[in-house]
Amino acid sequence: MSNTPTSDSLITTDVQTESTDRSAVSGATAVAARDLNVYYGDEQAIDDVSIEIPEKRVTALIGPSGCGKSTFLRCINRMNDMIDVCRVEGDVEFGGKNVYDDDVDPVALRRKIGMVFQKPNPFPKSIRDNVAYGLEIQGFDGDVDARVEESLKGAALWDEVKDQLDSSGLDLSGGQQQRLCIARAIAPDPEVILMDEPTSALDPVAASKIEDLIDDLAEEYTVIIVTHNMQQAARISDRTAVFLTGGRLVEYDDTTKIFEDPEEQRVEDYITGKFG
Amino acid sequence: MTDSTESPDLQRRSGLRRLKEGTYGGLFAACAAATLLTTVAIFVTLLSDAVVFFQEIPIAEFLTGTNWSPNPAGGGQAFGIIPLLIGTLVVTITAAVIALPVGTLTAIYLSEYATPNARSILKPLLEILAGIPTVVYGYFALVYITPALKATLFPEMSTFNALSASIMVGIMTIPMVSSISEDAMSAVPDELRQAGYGLGATKFEVSTGIVVPASVSGIASSYILAVSRAIGETMIVVVAMGAQARMPAVREAAFGIPYINPADILLESGMTITVAMVQIAGGDLTGGTIPYDSMFALGLTLFVVTLVMNVLSDIIAERYREEY
């Protein structure tokens with residue numbers, strides 16, 4: 001690793017241009033946070049974060065471990081509700097509605113906001129049943145098989161599994177399992193897909209397939225992805241939010257701007273690997 | 001590196017360590033073998049004595065006879081197992097109807113719904129229930145359950161009856177179902193629950209649609225154990241159900257179809273296979289007599305029934321298995 005950053009670009013991101021045919025700025029807001037504070041007991045995990053995340057774009061959340069980026073992601077679909085000591089103050093707006101309002105049912109919310117986890121976690125059921133699960137619990141009354149096929153195609157997995165839909169999802173390789181989880185997440189046709197380090201448990205080849213897929217997903221969905229891998233953020237995202245220690249959102253801008261000319265010295269230091 | 005030609009010391013040590021390792025291995029194997037040997041020995045003993053019995057009484061007569069009186073005062077012995085089978089089946093089925101659903105739902109509550117505090121209190125309490133001697137359960141059934149049922153639902157119930165005994169056997173086996181099932185459910189990885197919640201599943205949907213299917217083989221083994229325990233249960237039945245080998249009356253329905261009213265069995269005294277064995281073993285019979293040998297034929301029947309059941313449940317569990 002002897003190459004020094006060239007004039008503008010802080011890290012070499014030659015693949016980046018590939019994914020930027022979507023204009024990064026325009027478009028409506030899908031998810032917004034206003035003055036969001038999150039505490040685990042006495043410890044503050046998110047410190048006064050306000051952010052507007054655009055619709056049908058890929059937004060990457062990056063930052064060192066423990067900076068609150070995963071916590072922020074889990075505020076959006078209220079997965080933090082299940083942690084007893086977790087307390088949320090402020091607003092998280094989805095479609096103009098604060099998801100923490102009393103009349104919001106987290107179950108209904110999660111049907112609109114899909115999630116893909118760090119470790120592939122297919123159910124110990126057949127491939128078909130995995131994808132159909134979300135449809136089943138949501139009382140989908142259309143053609144389930146057609147939707148399963150569509151979702152598997154959407155997750156770039158159909159050609160590999162179309163002859164073994166009845167075999168267990170666990171018989172697939174790690175990368176295929178993660179694409180199965182993506183198919184499962186998109187089957188109920190959510191508006192937003194949250195991804196919590198979706199490639200960190202995968203080998204580079206499988207990871208690059210997921211990255212290609214994320215790029216395609218942004219055609220139809222708002223994708224918000226937490227990643228530890230800065231090259232990945234640079235390659236696949238349109239917007240990047242940099243969280244630093246203490247749960248503070250330090251800088252949020254177009255990905256090219258963040259990686260080429262960040263405003264904050266701390267962000268530049270983090271991106272170039274001087275700390276973090 | 002250095003130019004020393006000395007290789008690292010990889011020499012095998014004296015035989016002592018290998019001897020010790022070998023001794024440990026042998027000790028563990030001996031313990032495992034002892035269990036297996038005991039089972040085989042029991043089976044061989046049952047079989048050999050049962051064979052003696054079947055030389056006197058034909059198997060067909062034993063299996064289809066409807067009269068069980070091994071040691072009547074005035075002569076006229078009969079060794080028909082049917083009344084005993086009916087008694088055993090009724091107790092087992094009624095107990096299972098109580099223990100399996102209650103035990104499973106308890107397990108779901110403990111594993112998925114209970115707060116850590118509630119679980120830390122309830123689980124040991126349930127395990128205490130499993131530690132109560134069964135004779136205590138038996139007297140509880142006789143002294144409390146029967147009078148209570150008599151006073152409320154079934155005034156015509158006899159003092160010794162199958163229903164109270166079955167209810168008590170069911171209650172006794174609940175902890176067996178709930179404890180083993182709960183272990184199986186708690187072992188389901190949390191990632192699977194997260195995946196379900198992430199898709200907008202409710203707690204109930206996650207519990208019944210994800211956790212229970214993923215732990216079905218553990219739940220099935222708890223069922224096998226509980227039912228086998230109910231089949232073999234003796235003390236509760238001796239105390240609360242009495243010891244009368246009875247055949248239920250066959251009634252004629254309006255359209256000429258004969259049927260048996262379950263109340264004729266449940267509300268009356270009866271006898272199970274195990275109780276028949278206790279009666280013979282507790283009598284002053286000695287070896288060599290036919291009634292004495294009949295005990296082994298009964299034991300063999302129990303053994304075969306439990307074995308068949310275990311195999312069947314294994315097959316069922318295998319079919320519905322969802323491995324994670």
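Which side chain of opposite charge is nearest to Arg184(A), a buried residue that has no salt bridge? In this predicted model, the answer lies across the chain boundary: the side chain is that of Glu191(B), 10 Å away. A salt bridge requires a side-chain nitrogen of Lys or Arg within 4 Å of a carboxyl oxygen of Asp or Glu, and Arg184(A) has none.

Arg184(A) belongs to helix 6 of chain A, which spans residues 174-186. Its side chain makes a polar contact, at 2.9 Å, with the side chain of Asn121(A). Leaving aside residues up to four places away in sequence, Arg184(A) touches Asn121(A), Pro122(A), Phe123(A), Asn130(A) and Val131(A) of its own chain, together with Ala195(B) and Leu199(B) of chain B.

These last two contacts lead to the interface between the chains. Here 24 residues of chain A are in contact with 20 residues of chain B. The two chains bury about 1,700 Å² between them, and carbon and sulfur atoms account for 63% of that area.

Polar and charged pairings also cross this interface. Six residue pairs are in polar contact, with both residues at pLDDT 80 or more, and two salt bridges are found. In a salt bridge of 3.5 Å, N to O, the side chain of Arg111(A) meets that of Glu205(B).

On the side of chain B that touches chain A, helix 7 (190-198) and helix 8 (203-214) each supply at least two residues. Helix 7 of chain B gives the largest share, seven residues. By class, this side of chain B comprises 10 nonpolar, six polar and four charged residues.

Definitions and conventions. Residues numbered from 1 in each chain as written. Chains lettered and ligands numbered in written order. Predicted model: local features only at pLDDT ≥ 70, side-chain atom pairs only at ≥ 80, totals over all residues. Heavy atoms only, no water. Contact = heavy atoms within 4.5 Å. Buried area = accessible area lost by both parts, 1.4 Å probe. Polar contact = N/O pair within 3.5 Å; in protein donor to acceptor, adjacent residues only side chain to side chain. Helix = DSSP H or I, 4+ residues; strand = E, 2+ residues; numbered from the N terminus. Nonpolar A, V, L, I, M, F, W, Y, C, P; charged D, E, K, R; others polar. Buried < 20%, exposed > 50% of the residue type's maximum accessible area, 1.4 Å probe, protein only. Lys, Arg positive; Asp, Glu negative; His and termini not counted.
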